[in-house]
Each structure stands twice: as structure tokens, then as C-alpha cells.
Amino acid sequence: MIEKITYIESTHTYPYNNLAIEEHLLLNCGKNECILYLWQNRHTVVIGRNQNAWKECLVDKLEEDEGHLVRRLSGGGAVYHDLGNLNFTFLVTKENYNLDKQLQVIIKAIDKFGVKAEKSGRNDILIEGRKFSGNAYYETGNQCYHHGTIMIDVNISELSKYLTVSKQKLQSKGVESVKSRVANLKEFNEDITVSSLKQALLEAFEEVYGLKAEIVAEKDLDAEDVKKRKEHFESWKFKFGKKIDFKHEVSNRFEWGEVLFQIKVNSGLIEEIGVFSDSLKTEFIIEIPALLRGSAYNREEICKRISNIVLKDETEEKMKKDIVSWIESIDL
């Protein structure tokens, strides 16, 4: 049961620092506490935990324009952040995780401006059928968070300038471009600003949880711990991972997300493999490469090894079965 709610805003727009604060808060959230953390990134593409940076983003173009490529801990797809976007994170322990209640804070805050929003699909919040907020989730041990974007006045042309959304993904959503399915809150009420929305979110947070929020300043956090985590998020290894000199590439889109395999084969065996996905569930995808290294490069052996992964989560069990069925049906 939530007995304490805490509210904190980042004073930085440097993305690696913001993700470091998020992880620090995650690992230090109290047993009966819910934290609402608000933050903004300047000129940034954020990719999901298991995505291939080179496939999701025009990395060279982004860097030429002095932008930042960031890999977050949670799953899901790539998003563009500028200062017309406000990010939120709800941090709790697992027994207090309540997605509907957390989303109600966002919906209630938007409602204060006379705009009606609703949850849709696996991770979106819509107004009049158009997406202004995408959400993702992460847990480690007993600690977890739910975070997302709120597009207030994002430069939509920049969004499509750097993201390379797959045709499969767009077709599955029945639209022709990224631009056609997103919206800024400014389109529905010009009085919505980053500042006014922050205040509305704080009020809605207190109203939904029925508690007075404790306001925490960034300077009150453990600066050394935040710095250490910032350096990790900044590192080339975490952002891009190991680049594979692959010879074989296969991909498919499922209802839960897209999967891409890049495979280097030597003497009929899988020498290296990269497995990438925008699935909101991350742990199963992370396990696959280690399991398949050294496997014979044939459908039977690959399917056998993936099938042997023991999973407790129903969604991940379905993902496993879907991937095995797909591999059984294709030519490698």
C-alpha cells in the first residue's frame, strides 16, 4: 500500500544524466513509496533496451546535428525527444505497481485543460485517435518503473528526420507515416505548456493517490551514484553494443513487436548473433544470443534451443512460441 508519494523534477536536459537519475531513483524507491519523476531531453533519440541503434536511427545524421543517441533500460521502440516533450517516470516496488492508476495521473492532468485522453493498445495514450504519449516498463528484482513521453510542442519534422521506422511496423498500424499518427497537446489546447503541465501532473498525482507529495530536489540525491550511472549510459558499449560482421539477417513483426536476427556463421555453426526487438518485454530477448552461440545453423537446432528456455511470464512464453513457429517456417 502506498503511504508516501514523492515528486522530483530534473534540472538537466542532458539525456544521460536524466536516465542516471531515473535508475538511481528506481534502486532507492522505498517499499511503500511512489515517486513521480519529470524530465526533459534535448535533441535526443532514445532507443529501447534490445533495439539495434543503426536500424532505428540515422546515427551519423543525428551526431552531425549535435544530437544524442541514448539506450534506455526499458523495452519498446525508438522515440525522438526535444524540449517540446515532457517525460514522466513512476517508480514503485512491485507490489505497489498499478499501471491503470499511474496512467490515470496522466489522463487526469490532461483533463484539467479540457482535453480527453485515453489509453490504447500496448503502450500508447491517445487523443481523438492520435498518439501523444508512448509508454514503456522496466523491473529489476522488486523494483520497477513505468515511464513515457508527453508530446506538448515537439518538432514533428525532426521526429521523422532521424527515426527509420520499418515499413512492417507502419503497415501493422494502418498508416503511411510517423507524422500521421502523432499529435502535440498544443493542437488541442494552446494553453498547455511544459510548466503548466508539470503543475497539473503534480496536482493529479496528489489527487489520484490521496496524499500530499514530498518535493525532492535533484541536489538531495547521491551525486556520486548518479555520476557513475551517467557514465554507463554515455558509454559506446551500452549505446551501441558489439557490432557483428553478420552474413545472414531475418526479421518478422508479431503482435507484441518486431524481432531482428543478425547472424555470423562459421563452418556451419553460429559464431556470433545479435537479436533485436522493440518488444516491451526485454529479458527473454536478452537471453537468446548466449543460448544460440555455437548452435548448428539450422532451423531444428535453433528452434530446439529457444524452446528449451524456461519462462515464468505468460507474455514471454507466447513470444517464445511465436518466434519458434516463425523460424520453423522460413528458409535460413
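Mentor: Helix α1 (residues 15-28) lies across β3 and β4, where contact means heavy atoms within 4.5 Å, and helices (H or I, at least four residues) and strands (E, at least two) are DSSP runs numbered from the N terminus. This is a predicted model, in which local features need pLDDT of at least 70 and side-chain atom pairs count only at pLDDT 80 or more, while totals for chains, interfaces and linings use all residues. Residues are numbered from 1 along each chain as its sequence is written, and side-chain values use heavy atoms, with hydrogens and water left out.

Trainee: In what order do the three strands of the open sheet stand?

Mentor: Two strands pair if DSSP finds at least two bridges between them, and here the pairing is mixed. Strands β4 (68-71) and β5 (79-81) each have a single partner strand, so one side of each is left without a neighbour in the sheet. The order is therefore β4-β3-β5.

Trainee: Which residue in β5 stands opposite Val 46?

Mentor: Strand β3 (residues 44-47) is joined to β5 by three bridges, and these two strands run antiparallel. Opposite Val 46 stands Val 79.

Trainee: Within what arc do the buried residues of α11 fall?

Mentor: Buried means under 20% relative accessible area and exposed over 50%, with partly exposed in between (1.4 Å probe, protein chains only). In helix α11 (residues 299-307) the buried residues are Ile 302, Cys 303 and Ile 306. They line one face of the helix, because, seen down its axis and taking directions from that axis to the C-beta atoms, they fall within an arc of 95°.

Trainee: Which exposed residues does the face of α11 turned away from its buried side carry?

Mentor: The buried residues of α11 are covered by elements including β13 (257-266) and α12 (314-328). The face turned away from that buried side carries Glu 300 and Lys 304.

Technical notes: Axes are lines fitted to C-alpha atoms, for helices over the stretch in contact, and angles run from 0 to 180 degrees between N-to-C directions.
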